[in-house]
Amino acid sequence: PDKAFVWPVYATNLRTQKRCPSVVLVLCCDEALARALAAPIALGPPANTFELLVIGPSGIPVPRDDDEARRAPYRAALAALAHAADARTVAAGLVALAGLSRPHSLLLHDMIHGMLDAATRAMVEALMNTDGYRYRSDSLRDAFEKGIAVGKAEAKAERMAEGRAEG
């Protein structure tokens, strides 16, 4: 509810700072919400309104295949977020992130996984089974190897603590 009061301020502040037209773009992962947000925001009488540029899932294309996703990784990530119930689209989006910098890749991976329900997450994990796979992306390989190292260190610390407790 507060966004309807804040979004017009964003646009006018930017317009004032840059001395040019401005727009507020809202990307929605839910078609019904996108339709609702596309309605003009009343600012006051007589007919003073503000309109957002709203794009819902139907306005966000799905990559045709992994190669297309790799050529446009940010667009593939956006498609994965907008179409989070489609395991194939999500998997293509996650595969495409391998070509991005580590901070961007990890952030987008986390955002995408946060949008998935349990059933879609299980389907994506089955599609992306990585048993024995060696990541080609430095960022993913580093993150994976760091996770393995942290897990081993924690397991070793637990075993040592258990040994001390047992005497």
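Me: The axes of helix α4 (residues 73-82) and helix α6 (residues 102-115) come within 9 Å and cross at roughly 20°; why is α4 called roughly parallel to α6?

Reply: This is a predicted model, in which local features need pLDDT of at least 70, side-chain atom pairs count only at pLDDT 80 or more, and totals for chains, interfaces and linings use all residues. Residues are numbered from 1 along each chain as its sequence is written, and side-chain values use heavy atoms, with hydrogens and water left out. Angles under 35 degrees count as roughly parallel, over 145 as roughly antiparallel, 65 to 115 as roughly perpendicular and the rest as oblique, so the crossing of roughly 20° makes α4 roughly parallel to α6.

Me: What makes Thr-120 count as buried?

Reply: Buried means under 20% relative accessible area, exposed over 50% and partly exposed in between, with a 1.4 Å probe and protein chains only; Thr-120, in helix α7 (residues 118-127), has 3% relative accessibility and therefore counts as buried.

Me: Why is the pairing of Arg-88 and Asp-66 called a salt bridge?

Reply: A salt bridge is a side-chain nitrogen of Lys or Arg within 4 Å of a carboxyl oxygen of Asp or Glu, and the side chains of Arg-88 and Asp-66 meet at 2.7 Å, N to O. Arg-88 lies in helix α5 (residues 87-96) and Asp-66 in helix α3 (residues 66-71), so the pair ties together parts that are 22 residues apart in sequence.

Me: Why is Arg-64 called exposed, and Arg-88 partly exposed?

Reply: Arg-64 has a relative accessible area of 71% and is therefore exposed, whereas Arg-88, at 42% relative accessibility, counts as partly exposed.

Conventions
Helix = DSSP H or I, 4+ residues; strand = E, 2+ residues; numbered from the N terminus. Axes fitted to C-alpha atoms, helices over the stretch in contact; angles between N-to-C directions.
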